[in-house]
Amino acid sequence: MLYRARAFDTPDDPFDPATAGPGFRHDDDLGLLVSDDGVIRARGPFATVAAAHRDAAVIDLRAGLLLPGLVDTHVHFPQVRVIGALGMPLLEWLDRCALPEEQHLASPSYAATIAGEFVAGLVSAGTTTSLVFGSHFAPAVDALFAEAERYGLRMTSGLVVSDRMLPDPLLTTPQRAYDEALALASRWHGRERLRYAVTPRFSLSASDPVLAACRAVLDAVDGACFTSHVNENNAEVATVAGQFPDRAHYVDTYDHHALLGSFAVLAHNVHPTDPELAVMAARGTAVAYCPTSNAALGSGMFPLTRHLAAGVRVALGSDVGAGTGFSIFKEGLQAYFLQHLMGDEGMPLGAGHLLHLATAAGAAALGLGDTVGDLSEGKQFDALLLRPPPGTALDIGLRHADTPEAALGKVFALASDADVADVWVGGEQIASGGFVRPVTPRAPAGRRTPAG
Ligand code: GUN
Ligand code: ZN
């Protein structure tokens with residue numbers, strides 16, 4: 001296939017002072033030759049690529065604007081239906097909104113319904129790669145992986161484990177946490193585009209024995225990832241300090257069990273100390289910055305400048321359902337707003353920074369930087385086509401934008417799910433004209449459809 005499009009991506013890190021220019025790559029009339037295995041084999045001006053590959057079927061996408069698939073590094077599967085509860089800080093929101101809903105996923109049929117809604121939410125938003133906080137119930141996590149596989153999504157997820165401070169049905173034991181994680185990983189880790197993530201909810205609800213069991217799962221599952229929450233809310237931070245008097249700080253509750261590394265992503269980190277940032281930088285652990293969630297729960301202003309100065313990698317997370325939707329464009333815009341409002345302490349963000357945070361930075365945070373994140377030769381063709389409905393402000397704005405920078409700024413200011421027309425993962429199209437469609441039919445009960 002030879003795709004012809006106007007495209008933006010960020011192969012060079014705009015946060016790196018050595019990166020010159022606008023911080024993004026823009027091609028007015030790009031040719032991308034994609035082989036049957038979904039890899040971009042040639043890239044260049046359309047006329048040049050077309051001349052070199054005269055037999056390739058051309059797909060003309062010039063009615064829209066092509067971007068790399070978006071990457072969401074922190075999003076909760078069981079929380080689709082609690083999006084939009086306003087006015088509560090973290091611990092009250094968990095008690096009143098998130099945790100009651102999460103208990104419903106004990107029912108496999110309910111979990112399957114939510115898995116459908118959740119995966120459709122990701123695809124509709126143009127999110128092709130994600131690190132997903134799973135459920136406390138193993139059959140629900142099976143349902144999520146099965147649905148992600150049906151759409152060919154690139155997804156990393158796992159069983160959420162806790163052994164205290166949550167409602168009883170959400171609690172487990174270290175041994176059960178280990179056994180269920182291994183069983184899930186044996187079914188899903190490394191299958192198609194799926195990977196396993198070891199996922200204690202947060203150390204507030206996970207004792208040392210559960211955290212030790214998490215390390216044991218990492219030892220047993222080659223290439224597994226790790227994710228949890230950290231330093232989100234002041235009351236949470238104070239509670240964790242009281243629970244772990246022997247640890248240097250919140251980050252140390254994980255680091256003590258060797259849970260941090262370049263395979264790890266910690267969500268939020270709104271209130272880090274400098275020693276915590278130093279540990280995260282030394283381990284290569286990334287942070288999921290969740291701007292709408294941080295604002296909706298009143299968690300605080302994310303210190304992006306301090307993260308970058310310390311050498312901690314940062315990408316974006318929607319944090320559905322504390323976050324206010326699946327759109328990573330919206331997270332980028334909120335990041336821009338909030339950093340701007342932080343004055344001297346904020347990080348000034350241009351359109352290239354936002355696209356990088358929404359794509360390549362996320363891929364790098366998840367250890368997938370060689371596979372996806374931009375539209376370079378050798379990468380998988382994970383992409384979305386923005387095609388705003390005629391007459392909308394985004395349509396008008398893009399048609400009248402004077403410069404590529406202005407056009408990309410309009411994308412982050414105005415784009416929503418309604419503008420995401422087509423979505424591809426690994427060259428397979430999973431949304432067309434705004435309608436999501438699976439690449440693999442649903443398997444009849446008791447049988448699995450061969451991956452393909
Ligand atoms: N900390 C522990 N659990 C959660 C959750 O579900 N959402 C958020 N935002 N923070 C958490
Ligand atoms: Zn979260």
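Colleague: I'm new to this one. At what angle do helix α4 and helix α5 pack?

Modeller: Bear in mind that this is a predicted model. Helix α4 (residues 138–150) packs against helix α5 (residues 174–188) at an angle of about 20 degrees, and their axes lie 11 Å apart.

Colleague: Why is α4 called roughly parallel to α5?

Modeller: The cut-off is that angles under 35 degrees count as roughly parallel. The angle here is about 20 degrees, so α4 is roughly parallel to α5. As for handedness, the crossing of α4 and α5 is right-handed.

Colleague: Which residues make the contact between α4 and α5?

Modeller: From α4 you have Ala138, Val141, Asp142 and Phe145, while α5 brings Glu180, Leu184, Arg187 and Trp188. Sorted by class, the residues of this contact between α4 and α5 come out as 5 nonpolar, no polar and 3 charged.

Colleague: And α5 with α6: what makes them roughly parallel to each other?

Modeller: The axes of α5 and helix α6 (residues 208–220) cross at roughly 25 degrees and come within 8 Å. Roughly parallel takes an angle under 35 degrees, and α5 and α6 are therefore roughly parallel to each other. Here α5 passes α6 in a right-handed crossing.

Colleague: What meets what between α5 and α6?

Modeller: On the α5 side it's Pro174, Ala177, Tyr178, Ala181 and Leu182. They meet Pro209, Val210, Ala212, Ala213, Ala216, Val217 and Ala220 in α6. By class, the contact of α5 with α6 has 12 nonpolar residues, with no polar and no charged ones.

Colleague: Which domains does the protein chain have?

Modeller: The domain assignment gives domain 1 (2–68 + 385–436) and domain 2 (70–365). Their centres, taken over C-alpha atoms, are separated by 29 Å. Domain 1 puts 27 residues into the contact and domain 2 puts in 26 residues.

Colleague: Which element gives the most to the side of domain 1 that touches domain 2?

Modeller: That's α16, with 6 residues. By class, that side of domain 1 has 17 nonpolar, 5 polar and 5 charged residues.

Colleague: What surrounds ligand 1?

Modeller: The residues around ligand 1 include His76, Arg201, His229, Glu232 and Asp319. Helix α2 (residues 90–103) supplies the largest share of the shell, 3 residues. The shell around ligand 1 divides into 5 nonpolar, 3 polar and 3 charged residues.

Colleague: How do you know that the peptide bond from valine 320 to glycine 321 is cis?

Modeller: Its omega is near 5 degrees. Glycine 321 sits in the loop between β14 (314–316) and α12 (328–341). Most peptide bonds are trans.

Definitions and conventions
Residues numbered from 1 in each chain as written. Chains lettered and ligands numbered in written order. Predicted model: local features only at pLDDT ≥ 70, side-chain atom pairs only at ≥ 80, totals over all residues. Axes fitted to C-alpha atoms, helices over the stretch in contact; angles between N-to-C directions. Helix = DSSP H or I, 4+ residues; strand = E, 2+ residues; numbered from the N terminus. Parallel < 35°, antiparallel > 145°, perpendicular 65-115°, else oblique. Left-handed = near helix turned anticlockwise from the far one by under 90°. Contact = placed C-beta atoms within 7 Å. Nonpolar A, V, L, I, M, F, W, Y, C, P; charged D, E, K, R; others polar. Near = placed C-beta within 6 Å. Domains from an automatic or database assignment.
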